[in-house]
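Please read this briefing beside the sequence and the structure.

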Amino acid sequence: MRITVTVDGTSYTDDVEPRTLLVHHLREKLGKTGTVVGCDTSNCGACTVHLNGQSVKSCSVLAVQADGGEVTTVEGLARDGQLHPVQQAFRDNHALQCGFCTPGMIMQSIDLLADNPNPDEEAVREGLEGNLCRCTGYQNIVRAVRDAAGHMRPGAGPEAEQVAGGERTTTGVGGDS
Amino acid sequence: MTAMAEPEVGRARVRKEDERLITGRTRWTDNIALPGMVHMALLRSPTAHARITAIDTSAAKEMSGVIAVYTGDDLDPGGEVGMPNAWPITPDQKTPRRPMLAQGTVNFAGEAVAAVIARSAAEAEDALAEIDVDYEDLPVVLGLDNAVADGAPLVHEDMGTNKSAEWIFDSAAAGSGGDVQQAMSSSDVVVTRRFRQQRLVPAFMEPRSVVVDPTAPQLTMWSATQVPHILKTMVAMTLGLPEHQVRVIAPDVGGGFGGKLAVTPEECAAVVVAQKLGKPVKWTESRSETMVSAHHGRDQMQDISISASRDGTITGLKVDLLADMGAYLGIVGGGVPVLGAFMFNAIYKIPAYRFSCTTVFTNTTLTDAYRGAGRPEATFAIERIMDELAAELGMDPMQLREKNWIKHDEFPYTTVSTLTYDSGNYEAATAKAMQLFDYDGLRREQAERRARGDRVQLGIGISTFTEMCGLAPSRVLGSLDYGAGGWEHAAIRMLPTGKVEVVTGASPHGQGHETAWSQIVADQLGVGFDDIEILHGDTQSSHKGLDTYGSRSLAVGGIAVVKAAEKVIAKARKVAAHLMEASEDDLEFADGKFTVRGTDTSTAIQDVALAVFAAHDLPEGVEPTLDSEAVYDPENFSFPHGTHLCAAEVDTDTGQVRLRSYVSVDDIGKVINPLIVEGQMHGGLAQGIAQALYEEAVYDEFGTLTSGTFADYLVPSAMDLPSFTTDRTETAATSNPLGVKGVGEAGTIASTPAVVNAVVDAVRHHGVDDIEMPLSPMRVWRAVHKGDTAAGGPGAEAGGGLGSIDSAHGGAQ
Ligand code: FES
Ligand code: FES
């Protein structure tokens, strides 16, 4: 099937097999290897990206389902060399060790802050329940997300990705945000 | 640079590693794509023990995109290749050959039987379904007691036994203590327990992956491994390749925890296939494959007895272990329980000790190192039985520990298991922990809840642990029949522009070596933190090393870096003296500058580096280089210790456990980077707590792993863990110039018994004196209401898990 997906601001048209998962399309066809695969049962969250402004586990979405959509991966967050506040907070708070869960954690954290701009510890833990980290024990991840909340202007959630990028196309349709 | 720079060591530097990782500019092995690369997928046995009577690969070979299909006999017609076991713990250890792909029999569910090579990973995967294997079932051996029973069916028939080896330490024989039988028979009190160390899955987040490029004379292998150097040598030895024609690269590696301390059949098969086809080959596993085929950890049955006099003075300790190796021996499999042998006596002065351990084969995935490797098991058993002894004696469990531990003025102290602890201060760590925890206040609350028969009971768990790490003095490893040494290598290259490249043989996979090593070198050489680059994980640039495990990187590899820096300075001193026309003896080196004592004449080490590069004017006989390398072999292990306190609330109606607070005060010696240390503690605690409460690899009666996905194997999420209070005391190690001890495994080793002790303490008044791990609500409830302490058992219950696969067996009951 022929699909067109905008990923991190670039539009790509490709033929894909109907069974191809979005995460495999991103990694293998589009070279977006910043997004990773940690499991095969949709439990780990390592593959989390934003599809039309909402976080999704890209291993549980078919590439064809993203047709006409806009995807943001961890590679598309920084602007003009400026890290996204959540990226910065992960770094400042030592919220990663091996870094394998980190792309998914960051994408999920941004989504969670969009829903709840000032979450308490409990809310952060709950919001990240679908993302597993084996290295950090989560404490610094929780700290990072709360720290980022303090640095983000109100509403700088996933929607902001679609308007803030000067150079970026905004051809995404079907967004429910 | 400023004249008096603040020391880098001790600073909470954010990590150099992070920028790439948070922006997705990563180099996981699975990211690698080479021209002409083909993909390998492996067919794995669905059955735990069977004879392979036929394999028909013809239909698979016809599938679209399939280039080749191989069986074990295709890859190794002579049946000669076996995965290495580097630690034969006894001269008569039985070591079955572990082939790349099964030959003749399959010995655990998940063992690879055939390999498909195809244009894409999906096509390779598709073709697996077309391979037809005929299995003739053999009796399945599961469970330690079953495996060693008389007349038990055998995992490896030709061996005539399921026992691999028996290893014994006896303090009377070693001359380090008395006879334990005698001690026990003349003591007031003897407490005996059987503890089960359930089987765990290391569950590194990055699945294993390997890419082999055979297109140059020197074959290149990328692998998601903890041990690129060991892998290079072992692959060469195992497959008979010339070692100089193998290059191994561990690029970004997504966690290991011992689980990637391995030389695997998959890696070797990829090499053989790549050589056969003359094309680059990639193999990346699915999580379901990881769960059944990457090695597991723990899985021991521990019979432990401790004797004491009425006043609480310990008189003897006896330990008999059965350790489940799975179907084969991994690279250090049999050695894992042996590492524990030295740690059962822990921080206590014990006059008589005997340890025996039997390593046993079963038809399960093999077990090998997992964070702590032998030491968490030992620490669990001793710290659990200290609580049981305290209960028996009617003593406060902390008082009992204090009565028996080595006092701070008794170091160095040689233990009953013959190790010499160089330093420590158990009193200081304990005092700080008790205060942070509010021990007395929580004890009061516990008494109140008990008195009013509260549904939610409170328990307090203690773990005053130590561990041996910094693996390891080579001569000690030699005396334990380990196949290699325990040194580490480092090299420093002084570049003409004053920048510095540091090569380390330690191979990080999340630990932050690039940051910590930069801090060390910045102080040693007086150069800027950002002017230093750390090179690791590629045997071409880092040609020598023994890699990362056993909390050894800093205490061994970090010291090698210091030694290399000292050599750089010694070389530079000669040149600096020559340049400034001064005597070497008159030079002082500080903050990166050589200064002629009593003058303001100085020259920076960067200027010396440039002068050496030009080499126009060097002193007689001096080579034009400052580059230096060092190989450091430690004289002793290092011995981090700490006091961990856990308060657990147990809902006696539901069996639900909630960790109310967790305080750890660790003494890991000098700290290079407190941020990294804190992260290591958090992660370690999470894994130890997970063993206590959540995780278990469960097999059904057919030998099928029923907790074979992340839906069934409960790696804790953020919701499942509390916030920890972590703090430190600091007693510098006297065994190395940085005074460091190591922190990688401390949290995991200490926390499991603290949690279980807390839960048992909460419900002891219900007659509960043990509950098998993981302490699922069902197990806790049954202990309280039915008196069943051994709820579960191998194959009977997916501990705390959803048990969704094991419907035939009731899942979580
Ligand atoms: S890879 Fe998508 S949830 Fe694990
Ligand atoms: S940082 Fe390693 S899994 Fe999260």
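**Briefing on the predicted model**

Helix α17 (residues 513–525) of chain B packs against helix α18 (residues 553–579) of chain B at an angle of about 35 degrees, and their axes lie 10 Å apart. Axes here are lines fitted to C-alpha atoms, for helices over the stretch in contact, with angles running from 0 to 180 degrees between N-to-C directions. This is a predicted model, in which local features need pLDDT of at least 70 and side-chain atom pairs count only at pLDDT 80 or more, while totals for chains, interfaces and linings use all residues. Residues are numbered from 1 along each chain as its sequence is written, chains are lettered from A and ligands numbered from 1 in the order in which they are written, and side-chain values use heavy atoms, with hydrogens and water left out.

**Helix packing in chain B**

- The crossing of α17(B) and α18(B) is right-handed, a term used when the near helix is turned clockwise from the far one by less than a right angle; helices (H or I, at least four residues) and strands (E, at least two) are DSSP runs, numbered from the N terminus.
- On the α17(B) side, H513(B), W517(B), I520(B), V521(B), Q524(B) and L525(B) take part, and they meet residues of α18(B) including S553(B), G557(B), V561(B), A565(B) and I569(B), where contact means heavy atoms within 4.5 Å.
- By class, this contact of α17(B) with α18(B) has ten nonpolar, five polar and no charged residues; Ala, Val, Leu, Ile, Met, Phe, Trp, Tyr, Cys and Pro count as nonpolar, Asp, Glu, Lys and Arg as charged, and the others, Gly among them, as polar.
- Helix α8 (residues 228–239) of chain B and helix α9 (residues 265–277) of chain B have axes that come within 11 Å and cross at roughly 65 degrees, and this crossing too is right-handed.
- L231(B), V235(B), T238(B) and L239(B) of α8(B) make the contact with E267(B), C268(B), V271(B) and V272(B) of α9(B), a set with six nonpolar, one polar and one charged residues.

**Contact between the chains**

- Chain B brings 53 residues to the contact and chain A brings 41 residues.
- About 4100 Å² is buried between chain B and chain A, with carbon and sulfur atoms giving 55% of it; buried area is the accessible area (1.4 Å probe) that two parts lose on being put together, summed over both.
- I22(B), M205(B) and M719(B) supply 18% of the area that chain B buries against chain A, more than any other three residues.

**Second largest pocket**

- The second largest pocket holds about 710 Å³ of space, and of its 32 lining residues the closest to its centre are Y694(B), S717(B), M719(B), D720(B) and L721(B).
- α4 (121–127) of chain A and β27 (657–667) of chain B each supply at least two residues of the lining of this pocket, and β27(B) gives the most, with four residues.
- The residues of the lining divide into 16 nonpolar, eight polar and eight charged.
- A pocket is found on a 1 Å grid over the protein atoms alone, as an open set of points where a 1.4 Å probe fits, with protein on both sides within 12 Å along at least five of seven lines, and lining residues have an atom within 4 Å of a point.
- Grid points are joined across faces, edges and corners, and a volume is the space filled by probe spheres set on the points.

**Local backbone features of chain B**

- Most residues other than glycine have a negative phi, and most peptide bonds are trans.
- A cis peptide bond, with omega about -10 degrees, joins F411(B) and P412(B), and P412(B) sits in the loop between α13 (397–404) and β16 (413–414) of chain B.
- M773(B) and P774(B) are also joined by a cis peptide bond, with omega about -10 degrees.
- D438(B), although not a glycine, has a positive phi of about 60 degrees.
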